[in-house]
Amino acid sequence: MKLDEGLEKYILDHSSQEDPVLAELNRETWVKTVHPQMIAGHLQGKVLEMISYMIRPERILEIGTFTGYSSICLAKGLAKGGLLYTIDRDDEITEFATTYINKSGNADQINLLCGDAREIIPGLDETFDLVFLDGEKDEYLDYYQLVFPKLRAGGFILADNVLWGGKVLEVPDSGDHFTRGIMAFNAEIRKDPMVETVILPIRDGITVIRKK
Ligand SMILES: C[S@@+](CC[C@H](N)C(=O)[O-])C[C@H]1O[C@@H](n2cnc3c(N)ncnc32)[C@H](O)[C@@H]1O
């Protein structure tokens with residue numbers, strides 16, 4: 001959701017400053033990538049970092065690394081000795097992300113895997129405390145079904161872009177797979193008796209899902 005510019009500036013001016021490595025990563029993402037708007041950025045990144053600190057997870061799974069911004073933010077809140085797995089299928093972008101993960105000071109707690117998350121997740125022999133869904137929007141339900149058995153009871157899933165720029169309020173075209181995918185995901189989660197859920201109206205909407 002587009003915030004009023006003045007309010008957004010006020011929020012950023014009254015939130016902790018962006019970490020210098022993340023600020024450099026943010027700038028370079030906007031200069032060097034084709035779809036820079038996919039980056040979490042300062043406000044959402046700080047929210048993810050804070051949520052991670054609140055949970056102090058031992059194991060985090062992220063689907064959709066892109067340039068590594070949200071990976072680094074989430075990894076900051078890991079418990080001592082904890083590990084974040086992040087998956088992206090774009091090998092050019094994972095090279096970019098690796099450079100910044102190495103600069104971040106969190107590299108020893110981040111395991112970047114290159115490939116299709118739907119193929120990689122079944123082979124991960126882990127129980128996750130926190131999962132961040134930020135891959136392809138028409139694949140969210142697939143990710144959810146694959147990660148749910150690997151999420152501990154009381155664990156959390158965060159799903160990004162669940163308002164999809166407001167398109168969830170419209171009737172989507174038959175070819176608009178992303179809007180349809182997000183709408184199907186939102187409807188399915190709401191019905192699932194195994195979870196509690198709330199949508200935070202931050203940036204493009206983040207659903208917080210708690211496994212009962
Ligand atoms: C919105 S971006 C992720 C942004 C990143 N989490 C951040 O906040 O900076 C989505 C990423 O998911 C990746 N992706 C999409 N579908 C995927 C899949 N099935 N498996 C692995 N990665 C996927 C894309 O290559 C892209 O880099």
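Me: At the start of H2, which residue's side-chain oxygen reaches to the backbone nitrogen of Val-21?
Reply: A polar contact is a pair of N or O atoms within 3.5 Å; within protein, one must be able to donate a hydrogen and the other to accept it, and residues adjacent in sequence count only if both atoms are side-chain atoms. Here a side-chain oxygen of Asp-19 comes to within 2.9 Å of the backbone nitrogen of Val-21. This is a predicted model, in which local features need pLDDT of at least 70 and side-chain atom pairs count only at pLDDT 80 or more, while totals for chains, interfaces and linings use all residues. Residues are numbered from 1 along each chain as its sequence is written, and side-chain values use heavy atoms, with hydrogens and water left out.

Me: Which residues of H2 are buried, and against which helices do they pack?
Reply: Helices (H or I, at least four residues) and strands (E, at least two) are DSSP runs numbered from the N terminus, and a residue is buried under 20% relative accessible area, exposed over 50% and partly exposed in between (1.4 Å probe, protein chains only). In H2 the buried residues are Val-21, Leu-22, Ala-23, Leu-25, Asn-26 and Thr-29, and they pack against H3, H4 and H5.

Me: What span should the 15 residues of H3 have, and how many of them are buried?
Reply: The expected span of a helix is 1.5 Å times one less than its number of residues. For H3 this gives 21 Å, in agreement with end C-alpha atoms that are 21 Å apart. H3 is mostly covered, with 11 of its 15 residues buried, including Gly-41, Leu-48 and Ile-51; Arg-56, which follows H3, has a positive phi near 55 degrees.

Me: How many residues does the largest nonpolar core have?
Reply: In soluble globular proteins, nonpolar side chains tend to be buried together. A nonpolar core is a set of buried Ala, Val, Leu, Ile, Met, Phe, Trp, Tyr and Cys residues joined through side-chain atoms within 4.5 Å. The largest one here has 29 residues, and those with the most contacts inside it are Leu-25, Tyr-69, Ile-72, Leu-74 and Leu-158. At least two residues of this core come from each of H2, H3, H4, H5 and the strands E4 and E7. Apart from it lies another core of 28 residues, among them Leu-124, Phe-128, Val-162 and Ile-182.

Me: How many aromatic pairs are there?
Reply: A pair of aromatic rings is described by the distance of the centres and the angle of the planes. Rings of Phe, Tyr and Trp (its six-membered ring) pair if their centres lie within 6.5 Å, and planes under 30 degrees apart count as stacked, over 60 as edge-to-face and the rest as tilted. The count comes to seven. Tyr-144 and Phe-148 form a tilted pair, at 5.4 Å centre to centre and 45 degrees between the planes, and both are buried. Trp-164 and Phe-178 are edge-to-face, at 6.1 Å and 90 degrees; Trp-164 lies in the loop between strand E5 and helix H8 and Phe-178 in helix H8, so the pair ties together parts that are 14 residues apart in sequence.

Me: Over the face of which ring does Lys-211 lie?
Reply: A charge sits over a ring if NZ of Lys or CZ of Arg is within 6 Å of the ring centre and within 35 degrees of the ring normal. Lys-211 lies over the face of Phe-148, at 4.4 Å from the ring centre. Lys-211 is found in strand E7 and, at 11% relative accessibility, counts as buried.

Terms used. Contact means heavy atoms within 4.5 Å.
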